[in-house]
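The entries follow the order in which I looked things up.

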Amino acid sequence: MTTVEPGASLDGERLTDLLMRLLLDADLRARLADEGAEAVAADPGELECLASVDLAELDTTARRLRSQVWRPGSGGSLATTFPRSLRLLQDTGATEAGLLTGFLASPHLARYRLIPYTAPGLSAEEAFASYLLDGAGSGVLRDTVTHELMIALFTSLTCEQPLSFVIEAEGIVPTDRGHAAVRAYAAASVATWGATSAKVTAHAANAEAVHYAYFTTSAGLAHGVVSGRVAAAFEAGPSDRRETARRALARRGLW
């Protein structure tokens, strides 16, 4: 029999924290089901709440939450946003279910705007990418996660105004056409993305890395390998070289 001390109710913040722990922690839910509220509760306030939990409804809500996080966009999902990254991870033995569980248990989830319009936060894509990048090292996986994140962010910048989330990715600059960014990637990484091999070869003839740019335009998202002269448009300080590059991009409808 569960006995609850009178006046022990949790306040709103502690109740929300407990409910989120229940939804995100499968082991905690299993202990609650197998051992009861007394074994799980940290104090009388938690005991009062846990004693009233409908376990079947809790499991249903937890499954819905996992689906909401994994499929954050209309018709899209983290699997469709990061297909190459997930294939690379699966080659090392990772599974989609395991990656989602790890993400839900990570501090990166707290940065995601989980409930729309409640408070500013990252998109699910950027929060998930931050989680993947934590263990990505410095090779093709890091380049690929970054590239697929940039495609997702620039797709949103092209299609969704105003944005319903914040962007923390650095180096995205405003232009007369919208936004632009450049990243340096290993030429070997870019070659695996289906980029035009001639361009990769030309710009990587004397270097292991290539510049890869992203632009929002009136026609939609544009992206691809660019030369050092184009990349000069993104230099921080004013210079003739930077302004020449920006004028050239503006003539092409990219700046």
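**Helix pair.** I looked up helix α2 (residues 26-35) and helix α5 (residues 55-70), whose axes come within 11 Å and cross at roughly 170°. Axes here are lines fitted to C-alpha atoms, for helices over the stretch in contact, with angles from 0 to 180 degrees between N-to-C directions; helices are DSSP runs (H or I, at least four residues) numbered from the N terminus. α2 and α5 are therefore roughly antiparallel, the term for angles over 145 degrees.

I noted the contact (heavy atoms within 4.5 Å): Arg29, Leu32 and Ala33 in α2 meet Leu55, Leu58, Asp59 and Ala62 in α5. These residues divide into 5 nonpolar, no polar and 2 charged; Ala and Leu count as nonpolar, Asp and Arg as charged.

**Basis.** The model is predicted, so I note that local features need pLDDT of at least 70 and side-chain atom pairs pLDDT 80 or more, while totals for chains, interfaces and linings use all residues. Residues are numbered from 1 along each chain as its sequence is written, and side-chain values use heavy atoms, with hydrogens and water left out.

**Glutamate 125.** I found glutamate 125 in helix α9 (residues 124-134). At 18% relative accessibility it counts as buried (under 20% relative accessible area, 1.4 Å probe, protein chains only). Beyond four places away in sequence, glutamate 125 touches Pro72, Leu78, Thr81, Phe82, Leu149 and Ala152.

**Helix α8.** I listed the buried residues of α8 (residues 96-104) as Leu99, Leu100, Phe103 and Leu104. Seen down the axis, they fall within an arc of 135°, so they line one face of the helix; the arc is that of directions from the helix axis to the C-beta atoms. Their cover includes α1 (12-24), α5, α7 (83-90) and α9.

Notes
Helices (H or I, at least four residues) and strands (E, at least two) are DSSP runs, numbered from the N terminus. Angles under 35 degrees count as roughly parallel, over 145 as roughly antiparallel, 65 to 115 as roughly perpendicular and the rest as oblique. Buried means under 20% relative accessible area, exposed over 50%, partly exposed in between (1.4 Å probe, protein chains only).
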